[in-house]
Amino acid sequence: MQSGTALGDWSFDDRFNQLKQNIKILSYLGCDNKSKEELIECALKLNASESVRLAEQFFDQEINVKGLLNVPFKPIIDDYFLEDKPEN
């Protein structure tokens, strides 16, 4: 059994906020001050195990700042799959 709601403002995000979050994570992992292409190239060179370990630290810090409902990777309103907020 699951519970929750798709209408909570914490349960989805727009693509621009999620992009900012992803850039913040990549910066924490050492890929910062780079163009989009350089960010992708840097991310592809990261060690997966080390990235997961550091990302867990990042999210632990974010949760301490923003509270327990800070969901790091949410469905996004991307105009392709999810075209509008769930309540619409």
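Me: What makes C31 and C42 a disulfide in this predicted model?
Reply: Their sulfur atoms sit 1.9 Å apart, and a disulfide is a pair of cysteine sulfur atoms within 2.5 Å, so C31 and C42 form one. The structure holds one disulfide.

Me: Which parts does the pair tie together?
Reply: C31 is in the loop between α1 (15-28) and α2, while C42 is in helix α2, so the link joins parts eleven residues apart in sequence. Helices here are DSSP runs of H or I, at least four residues, and strands are runs of E, at least two, numbered from the N terminus.

Me: Why is the pair of Y28 and F58 called tilted?
Reply: Rings of Phe, Tyr and Trp (its six-membered ring) pair if their centres lie within 6.5 Å; planes under 30 degrees apart are stacked, over 60 edge-to-face, the rest tilted. For Y28 and F58 the centres are 5.3 Å apart and the planes at 55°, so the pair is tilted. Y28 belongs to helix α1 and F58 to helix α3 (residues 48-66), 30 residues apart.

Me: Why does F58 count as buried, and Y28 as partly exposed?
Reply: Buried means under 20% relative accessible area, exposed over 50%, partly exposed in between (1.4 Å probe, protein chains only). F58 has 4%, so F58 is buried; Y28 has 31%, so Y28 is partly exposed.

Notes. Residues are numbered from 1 along each chain as its sequence is written. This is a predicted model: local features need pLDDT of at least 70, side-chain atom pairs count only at pLDDT 80 or more; totals for chains, interfaces and linings use all residues. Side-chain values use heavy atoms; hydrogens and water are left out.
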